Amino acid sequence: ASPPRVVAYALAGSVRINLSEEPLGTGKDGQPVYLKDIWPSQKEIAEAIQKVDTEMFHKEYAEVFAGDEKWQAIQVPQSDTYEWQADSTYIQHPPFFEHIAEAPPAIADVEQARVLAVLGDSVTTDHISPAGNIKADSPAGRYLREHGVAPKDFNSYGSRRGNHEVMMRGTFANIRIKNEMLGGEEGGNTLYVPSGEKLAIYDAAMRYQEDGTPLVIVAGKEYGTGSSRDWAAKGTNLLGVKAVIAESFERIHRSNLVGMGVLPLQFENGQDRKSLKLTGKEVLNIRGLGGELKPHMPLSVEVTREDGSQDSFKVLCRIDTLNEVEYFKAGGILHYVLRSML
């Protein structure tokens, strides 16, 4: 947007005016003032440019890192790399590069996966990774209290995005998210199927990780709509989710899932979680990943239902480009970039 036009709309107090025909307001003389009356002429612009001296920039930018006295008084370690503070609740060393091998492991089928949540249509990235207030009784709230932070100082998920311990606990913790595994109940809870307990989604995911159980999210149309929130994919990865099966994906979030090593899978046309009678209590195997991975390749999902009956359905692999194939094979774009630097 043109900054002068933004100012003009602000002066008018509305964007629902025709700037070329309607006045912005009234002058001291009681006469209407139009945009053309305050818009600078080419001559005025040229005269202003002539007053700009490169020395102005050299002077200001020469001291850009100096700061004021308070800035200079901050004690910092003299190190080439950042020294992580173990007691910080705002910034922690992220685990994305832990245990990374020199060569990525071969892509394999997803075996004996459990469903972490069954979600509906238009699940936004804010549903997946909220940026707002942290509830005191939520997994993130418990973490902060255990680390000496009073509820009045919790701040927001957005302000603590540098701490993966907070952000992964906040994944799927939006108070408005509805999980069909609990009858559409609002809140970031789910059914931990092995015991039948209702748990916070984070707590259930950690139980499954202890069991070595991979996880799947099942959803409806437009999964991941909204802002391109990176933690919506990062948090999903850290919870141990290997795949998201949905009717359709928002473009950027689909790409972000691939970039974090989470497989986006799309139901075939005419099928969805309801027509396939998926309740979230099933055990799923995703077949077809063991061969040569290609964009838009068909895959098969084997289903073992609660009563022991078995069937399967087809899905479309929404890895859409050859570059994304390479990112996914590397374990995500972060691993891909790191290995390319070694």
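Domain bounds here come from an automatic or database domain assignment. That assignment gives domain 1 (3–58), domain 2 (110–129 + 171–341) and domain 3 (133–170). The centres of domain 1 and domain 2, taken over C-alpha atoms, are separated by 51 Å.

This is a predicted model, in which local features need pLDDT of at least 70 and side-chain atom pairs count only at pLDDT 80 or more, while totals for chains, interfaces and linings use all residues. Residues are numbered from 1 along each chain as its sequence is written, and side-chain values use heavy atoms, with hydrogens and water left out.

Val 52, Met 56, Phe 57, Tyr 61, Val 64 and Phe 65 make a nonpolar patch of about 720 Å². Patches are made of residues with over 30% relative accessible area and no salt bridge; nonpolar side chains (Val, Leu, Ile, Met, Phe, Trp, Tyr) are joined within 5 Å, and like charges within 9 Å. Accessible areas come from the Shrake-Rupley method with a 1.4 Å probe, and for residues only the protein chains shown count as cover. Met 56, one of the patch residues, sits in helix H4 (residues 54–62). Helices (H or I, at least four residues) and strands (E, at least two) are DSSP runs, numbered from the N terminus. Met 56 counts as partly exposed because its relative accessibility is 45%. The scale is simple: buried means under 20% relative accessible area, exposed over 50%, and partly exposed in between (1.4 Å probe, protein chains only).

Next come the salt bridges. Each is a side-chain nitrogen of Lys or Arg within 4 Å of a carboxyl oxygen of Asp or Glu. By this rule the count is 23. One of them joins Arg 142 to Asp 203, with the closest N and O atoms 2.9 Å apart. Arg 142 lies in helix H7 (residues 139–146) and Asp 203 in helix H9 (residues 201–211), so the pair ties together parts that are 61 residues apart in sequence. Both partners are partly exposed: Arg 142 has a relative accessible area of 29%, and Asp 203 has 22%.

Another salt bridge stays within one helix. Glu 165 meets Arg 169 at 2.6 Å, N to O. The two are 4 residues apart in helix H8 (residues 164–170), so about one helical turn separates them. Glu 165 is partly exposed at 24%, whereas Arg 169 is buried at 14%.

Asp 320 and Arg 254 also form a salt bridge, at 3.2 Å, N to O. This pair links distant parts of the chain, 66 residues apart: Asp 320 is in the loop between strand E13 (310–317) and helix H12 (322–329), and Arg 254 is in helix H11 (residues 251–259). Arg 254 is buried, with a relative accessible area of 7%. Asp 320 is partly exposed, at 22%. Elsewhere, salt bridges link Asp 109, Glu 111, Arg 287 and Glu 302 in a network.

Asp 272 lies in the loop between strand E10 (263–267) and strand E11 (283–287). Asp 272 is buried yet has no salt bridge; Arg 273, the nearest side chain of opposite charge, is 5.5 Å away. For charge, Lys and Arg count as positive and Asp and Glu as negative, while His and the chain ends are not counted. A polar atom of the Asp 272 side chain lies 2.9 Å from the backbone nitrogen of Lys 274.

Note on methods:
Polar contact = N/O pair within 3.5 Å; in protein donor to acceptor, adjacent residues only side chain to side chain.
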